[in-house]
Amino acid sequence: MGDVLFRGSVGRSDLPRGNHDQLVNSIRKGLWPLGDDIQFVPGHGQTSTFGWERKTNPFVADLLFDDEETPA
């Protein structure tokens, strides 16, 4: 997973060829369907679960995207 998702944050998208919308979409559509109980070890910082990040992460929390279909 590397520098894609962190506890309370996401990876940098301000570098050359970075795309914030693509990063967020990849997390929400690619990782969230794996299940809320999945624990991950980020490239930096504390471990977390996809479920916790879906609730609290200010970049990818479900509440930020209530007008979109929420991944399963």
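The legends below describe close-up views of a predicted model of one protein chain.

**View 1. The order of helices and strands in the chain.**
The protein chain has two helices and four strands. Read from the N terminus, these elements follow the order β-β-α-β-β-α. Of the 72 residues, 35% count as buried. The chain exposes about 4,800 Å², and carbon and sulfur atoms supply 51% of that area. Among the contacts with a separation of 6 or more, 53% are between residues 24 or more positions apart.

**View 2. The largest nonpolar core.**
Eleven residues make up the largest nonpolar core. They are Leu5, Val10, Leu23, Val24, Ile27, Leu31, Trp32, Phe40, Phe50, Val60 and Phe65. Helix α1, which spans residues 20-31, gives the largest share of this core, with four residues. Leaving aside residues up to four places away in sequence, Val24 touches Phe59, Val60 and Phe65.

**View 3. The aromatic rings of Trp32, Phe40 and Phe50.**
Two aromatic pairs are found in the whole structure. Trp32 and Phe50 form a pair that is tilted, with 5.6 Å centre to centre and 50° between the planes. This pair links distant parts of the chain: Trp32 is in the loop between α1 and β3 (39-40), while Phe50 is in helix α2, 18 residues apart. Are Trp32 and Phe50 buried or exposed? Trp32 has a relative accessible area of 0% and is buried. Phe50 also counts as buried, because its relative accessibility is 1% and the cut-off for buried is under 20%. Ring pairs link Trp32, Phe40 and Phe50 into a cluster.

**View 4. Ser13 and its surroundings.**
Ser13 lies in the loop between β2 (9-10) and α1. Which side chain makes a polar contact with the side chain of Ser13? The partner is the side chain of His20, at 3.4 Å. Not counting residues up to four places away in sequence, Ser13 touches Gly18, Asn19, His20 and Leu23.

**View 5. The salt bridge of Arg12 and Asp14.**
Side chains of opposite charge can pair when their charged atoms come close. The structure has four salt bridges. One of them joins Arg12 to Asp14, with the closest N and O atoms 2.9 Å apart. Arg12 and Asp14 are both exposed.

**View 6. Arg54 and its salt-bridge partners.**
Arg54 is found in helix α2, residues 50-56. With a relative accessibility of 9%, Arg54 counts as buried. Arg54 forms a salt bridge with Asp36, and the closest N and O atoms of this pair are 3.2 Å apart. Because Arg54 is in helix α2 and Asp36 is in the loop between α1 and β3, the pair ties together parts that are 18 residues apart in sequence. Asp36 counts as partly exposed, at 39% relative accessibility. Arg54 also forms a salt bridge with Asp62, where the closest N and O atoms are 2.9 Å apart. Asp62 is buried, because its relative accessible area is 19% and buried means under 20%. Salt bridges that share partners join Arg28, Asp36, Arg54 and Asp62 into one network. The C-alpha atoms of Arg54 and Arg28 are separated by 8.5 Å, and these two residues are 26 residues apart along the chain.

Key. Residues numbered from 1 in each chain as written. Predicted model: local features only at pLDDT ≥ 70, side-chain atom pairs only at ≥ 80, totals over all residues. Heavy atoms only, no water. Core = buried A, V, L, I, M, F, W, Y, C linked by side-chain atoms within 4.5 Å. Buried < 20%, exposed > 50% of the residue type's maximum accessible area, 1.4 Å probe, protein only. Contact = heavy atoms within 4.5 Å. Polar contact = N/O pair within 3.5 Å; in protein donor to acceptor, adjacent residues only side chain to side chain. Areas by Shrake-Rupley, 256 points an atom, 1.4 Å probe, with all protein chains shown as cover. Phe/Tyr/Trp six-rings, centres within 6.5 Å; stacked < 30°, edge-to-face > 60°. Salt bridge = Lys/Arg side-chain N within 4 Å of Asp/Glu carboxyl O.
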